Structure formats: C-alpha cells, structure tokens
Amino acid sequence: MNEIINQIQAYDHSKFKNVSLMEQIIKKYNSLDSDTQKQVEPYMYVVYRGKFDSLFTSANYIQAISWGNKVVCHERFKQERSDNKDHFFIEDVNSLLVAYLENKNPNLLSKAKQYIQLIKKFQRRLVIWELYMLGILVF
C-alpha cells in the first residue's frame, strides 16, 4: 500500500504530467482488494483528476465522463477552491454535451443541465461567465 501512495505523491509532484505513472497507479489500484482500495481511496483524487484532464484534452469526452464522476464524488472535491470547481464543471459540461450529441443519452443531458445550474451561481466572475456561455452555445 505504501508503494502506491508514494507513486500517487510522485504523480502529484509531477503536476499531472507523468501520464505513464498515472496509468501504472490506476492499474495497480484496480488490482488491489477492496479493503486496500478503501485505504488508498483518499489519495486517489489527484489521479482521478489527472485522468479526467488527460481524456478531456485529448477529446475522449465519453471516457472522460466516468472519471469526472469519480472526481465529483470524491471527498476532496468538496475542499477544492470555487474557481477550480467552476473550471472542472465547465469541462465536464462540455464532455457531457458532446457525448449527448453523439449518443442522445438523456441522462448525459440531465447531468449537463445540473452542472450548468451550478455554474450559473458563479456568473459574477467574467472568465467563468464567458466559458459558461461557450458551453451554452455548444448545448
């Protein structure tokens, strides 16, 4: 268990740049028994966030959605600064909307609408508002 935690810390120190280390961590994490996974889970936030970012930036929106769910459901997401949450939700909305347009799953559209409502609360910040409007145009 210490080995995977050390790898997660090394990945965090790489500023999410070491993609091969991220993939190794995910593979190792998936091979752990459920009890050990529960112990490691508090550390996995940076890996989930990095995987989502990697998939989003490479336009793998459908795959990014499941990792986005892991990010939002993680306890550490609640501790993120507001601007980090806003940025994340904007990317997640874009992923959800593109995936919706590709396969017409109404659940994706519903989740995108939910996140758009969260973004609307912070429209007082100009940059966030501009990104939000871009999402609305895609929508």
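How does the distance between the end C-alpha atoms of α2 agree with what its 13 residues should span at 1.5 Å a residue? Some notes on that and other points follow.

1. A word on the model. It is predicted, with local features needing pLDDT of at least 70 and side-chain atom pairs counting only at pLDDT 80 or more, while totals for chains, interfaces and linings use all residues. Residues are numbered from 1 along each chain as its sequence is written, and side-chain values use heavy atoms, with hydrogens and water left out.

2. Overall make-up. The protein has eight helices and zero strands, where helices (H or I, at least four residues) and strands (E, at least two) are DSSP runs numbered from the N terminus. Of its 139 residues, 37% are buried; buried means under 20% relative accessible area, exposed over 50%, and partly exposed in between (1.4 Å probe, protein chains only).

3. Helix α2. To answer the opening question: the end C-alpha atoms of α2 are 19 Å apart, which agrees with the 18 Å that its 13 residues should span. The expected span is 1.5 Å times one less than the number of residues. Leu21, Met22, Ile25, Ile26 and Tyr29 are the buried residues of α2. Seen down the axis, they fall within an arc of 140 degrees, so they line one face of the helix; the arc is that of the directions from the helix axis to the C-beta atoms. Lys27, Asn30 and Ser31 are exposed on the face turned away from the buried side of α2. As background, an α-helix has 3.6 residues a turn, so residues three or four places apart point the same way.

4. Helix α7. Residues 106-120 form this helix, whose 15 residues reach 21 Å from first C-alpha to last, close to the 21 Å expected. Buried in α7 are Leu108, Leu109, Ala112, Tyr115, Ile116 and Ile119. Those residues cover an arc of only 125 degrees around the axis, which puts them on the same side of α7. Pro106 and Asn107 are exposed on the face turned away from that buried side.

5. The loop between α1 and α2. Phe16 sits here and has a positive phi of about 65 degrees although it is not a glycine. Phe16 counts as partly exposed, at 32% relative accessibility. Lys17 lies in the loop between α1 (2-13) and α2 (19-31) and counts as exposed at 65%. The C-alpha atoms of Lys17 and Ser54 are separated by 9.2 Å, although the two are 37 residues apart along the chain.

6. The loop between α6 and α7. Lys104 is found here, also with a positive phi, near 55 degrees, in a residue other than glycine. Its relative accessible area of 51% makes Lys104 exposed.

7. The largest pocket. About 170 Å³ of space lies in it. A pocket is an open set of points on a 1 Å grid over the protein atoms alone, where a 1.4 Å probe fits, with protein on both sides within 12 Å along at least five of seven lines; lining residues have an atom within 4 Å of a point. The volume is the space filled by probe spheres set on the points, which are joined across faces, edges and corners. Its lining includes Phe16, Tyr45, Arg49 and His87. Helix α4 gives the largest share of the lining, three residues. By class, the lining has three nonpolar, three polar and four charged residues. Here Ala, Val, Leu, Ile, Met, Phe, Trp, Tyr, Cys and Pro count as nonpolar, Asp, Glu, Lys and Arg as charged, and the others, Gly among them, as polar.
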